[in-house]
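Colleague: Could you take me slowly through one part of this model, describing what surrounds it and how it packs against its neighbours?

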Amino acid sequence: LQGIFVLGLPYALLHSGYSGLFLIISSAALCCYTGKILIACLYEENEDGQLIRVRDTYEDIANACCNMLSPKLGGIVVNVTQVMELIMTCILYLVVSGNLLSHSFPHIPVTEKAWSVIAFVTLLPCVFIKTLKIVSKLSQLCSLVHFIIILVVMTYCLTQTHQWSWAKFRLSIEFEDFLVSVGVIIFSYTSQIFLPTLEGNMKNPGEFKCMLNWTHFFACVLKTTFALTAFLTWGKETKEVITDNLPSFLQTVVNLCLLAKALLSYPLPFFAATEIICACISRGNRSSYRSPLFSLGVRGSFLLLTLLMAMFIPHFALLMGLTGSVTGAAMTFLLPSIFHLKLKWKKLSFLEKCADISGFVLGFLCSLAGIVCSIRGLLEVFG
């Protein structure tokens, strides 16, 4: 919930004004809700009225909903969507790593792509990751680095309080700029892909809702505080990545911290994607899935694929925006809402049905707006 997207929130406020603050808060509530209803779809009541976990993955939920059309159709759609988004996320971290290294050491005659290869080499041990426990340790380190970055930026901002002025906020907004802000804010909260696995690995799954409430609450408070203090400091001079606004002596330190964060963030989407791929490939032959050599081959191939795509796909950022607009909104809003309505319709109250339908409509509009903006950007690039 505290990814690199957070660094773009002050820029989102520049284009959305007061409505951006409302979006940061409302997005936290909505993403928390869709996370809960997604996990609710894993459970069914038995004869005694007790909730029993009858499904394990996002794929199982999709198959249950599309069973009338085809027993496997829903799972195929969800798996393809998940893997696409996870691949794009992994590639993003490699691209960002190369960019940060080139900016941190501008005097070294190495191209940005060559820096990406160097970052790739440091990620080779990922092929040996077998359990979520290892990923969780790396994620803890990632969180620590993230808070160091936030602390540095906010400390500097607090030394500039004499420049703050609420007059910097915009009352009127341009529609296209507002759509960009919506994308940055909403997708800074997305975590639905990982939730079924996370809930299934909890020592006490009964605490899942409480955990989701508190994590989204603290994420909302931190993001609002961070975005507000940074925007009040730089106003119209706010850049797309807020660390670019820092003085040069702080930029290098923060860029190196961002590099560490990007590299430590890579294992989570990498692990999730390779687990899905291994499960799909070996479905007809479970013994091959248990083979260490098979798993190692899948992880190694996936790792190499992300490097090749990061190196050779032109205008990757725009293509990622196009894909993310479809997959991100679908996995976060569209599919959880549809699945919840399909599986729990008879047990839902009127307000719950309205909330699910609202989530579906919002997800559709976000996807549509993101697709239009991304295609326009691609058309401009290709002339």
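Modeller: Thr233 lies in helix 9, and in this predicted model Thr233 counts as buried because its relative accessible area is 4%, which is under the 20% cut-off. The side chain of Thr233 is joined to that of Trp164 by a polar contact of 3.1 Å. Leaving aside residues up to four places away in sequence, Thr233 touches Trp164 together with Cys157, Gln160, Gln163 and Lys168.

Helix 6 itself runs over residues 132-158, and its 27 residues reach 38 Å from first C-alpha to last, close to the 39 Å expected at 1.5 Å a residue.

Helix 9 also packs with helix 1 (residues 9-16), at an angle of about 70° and with the two axes 8 Å apart, so that helix 1 is roughly perpendicular to helix 9. In this contact, helix 1 contributes Leu9, Pro10, Leu13 and Leu14, while helix 9 contributes Lys223, Phe226, Ala227, Leu228, Ala230 and Phe231. The crossing of helix 1 and helix 9 is right-handed.

Key
Residues numbered from 1 in each chain as written. Predicted model: local features only at pLDDT ≥ 70, side-chain atom pairs only at ≥ 80, totals over all residues. Heavy atoms only, no water. Helix = DSSP H or I, 4+ residues; strand = E, 2+ residues; numbered from the N terminus. Expected span 1.5 Å × (residues − 1). Buried < 20%, exposed > 50% of the residue type's maximum accessible area, 1.4 Å probe, protein only. Polar contact = N/O pair within 3.5 Å; in protein donor to acceptor, adjacent residues only side chain to side chain. Contact = heavy atoms within 4.5 Å. Axes fitted to C-alpha atoms, helices over the stretch in contact; angles between N-to-C directions. Parallel < 35°, antiparallel > 145°, perpendicular 65-115°, else oblique. Left-handed = near helix turned anticlockwise from the far one by under 90°.
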